[in-house]
Amino acid sequence: MSDAVQPTAAEVRAAAEAVKTALDRHLAAVERRTGDDDPAVYEAFNELAAAAEEYDELLYDRYDEVTPFEIPGSDDTLPPYTGPEEPNALSVVIRRDYSVVEPQRLLAQAQRVEAVEEDGATATEGFDAASGTLHGALGVLFGEFEPDEIASRHKEFGLEEGDSTLWVTAADESAEPGEWLEAPFEAIDPQRVVCRFDVSAVFDDESDDEDLEDDLDADVELEPVDRLDADR
């Protein structure tokens, strides 16, 4: 970093003072906590993490020095659970990403499915071969196979797995039929997430980096968290 954009010594000192203040606030919030998921403790925790991260960055930029602290990423942190203690309904939200690495294999699999369906169609009904395009082939395969089966057989379909995440959210009662179908992912309340499971290649990459450099701080794959029984 050039001298023109380096933080001043005063800025580094101010960041250090901010960490001290955030530490005091966090300890005070913990001492006054009213339960396992006290919002005040959660807020103080995030303020402390932000202050420590700011200090760490300024210290490095100014003096090329680091702190011994590992700052948890905010994206890996769920807010306190505020849902029902005894949920009467659950929603399971899943996202899986794939790359199309073998288009011809994908097309061939879809054409096999269509060939079976075409044999069962009458001559007067005709048959619309949707598998002639990649997006058509995807429609055929996902219409024929359950998502879990595609996940377990993705290589057969010319796909490569990417990141995936599964969120289980609690509700007081089940949604009305058809209520959320137009926008299935917009109504997720992070404070009602019971548990979450993430799978990503980035976790494997970070593990490899740790093997190469013992002193490298790296995140690890998120462990499943039972929000109803576990502390924050």
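**Reading patches, backbone angles and strands**

Modeller: Let us begin with the caution that this is a predicted model.

Biologist: Which residues gather in a patch of negative charge on the surface?

Modeller: Asp and Glu are what count as negative here, and the patch in this model brings together Glu11, Glu53, Glu54 and Glu57. Helix H2, which spans residues 39-63, gives the most to this negative patch, with three residues, while glutamate 11 has its place in helix H1, residues 9-31.

Biologist: Why does glutamate 11 count as partly exposed?

Modeller: The label partly exposed belongs to relative accessible areas between the buried limit of under 20% and the exposed limit of over 50%. Glutamate 11 counts as partly exposed because its relative accessibility is 42%.

Biologist: Where is aspartate 64 found, and what is its phi?

Modeller: Aspartate 64 is found in the loop between H2 and strand E1 (89-100), and although it is not a glycine, it has a positive phi of about 55 degrees. With a relative accessible area of 56%, aspartate 64 is exposed.

Biologist: How many residues of strand E3 are buried, and how many bridges join E2 to E3?

Modeller: Strand E3, residues 193-199, is mostly covered, since five of its seven residues are buried, a word kept for relative accessible areas under 20%. Strands E2 (residues 159-171) and E3 run antiparallel and are joined by six bridges.

Biologist: Which residue in E3 is the bridge partner of threonine 169?

Modeller: Threonine 169 has valine 193 as its bridge partner in E3.

Terms used
Residues numbered from 1 in each chain as written. Predicted model: local features only at pLDDT ≥ 70, side-chain atom pairs only at ≥ 80, totals over all residues. Heavy atoms only, no water. Patch = residues over 30% accessible without salt bridge, like charges linked within 9 Å, V, L, I, M, F, W, Y side chains within 5 Å. Areas by Shrake-Rupley, 256 points an atom, 1.4 Å probe, with all protein chains shown as cover. Salt bridge = Lys/Arg side-chain N within 4 Å of Asp/Glu carboxyl O. Charge placed at Lys NZ, Arg CZ, Asp CG, Glu CD. Helix = DSSP H or I, 4+ residues; strand = E, 2+ residues; numbered from the N terminus. Buried < 20%, exposed > 50% of the residue type's maximum accessible area, 1.4 Å probe, protein only. Pairing = 2+ DSSP bridges.
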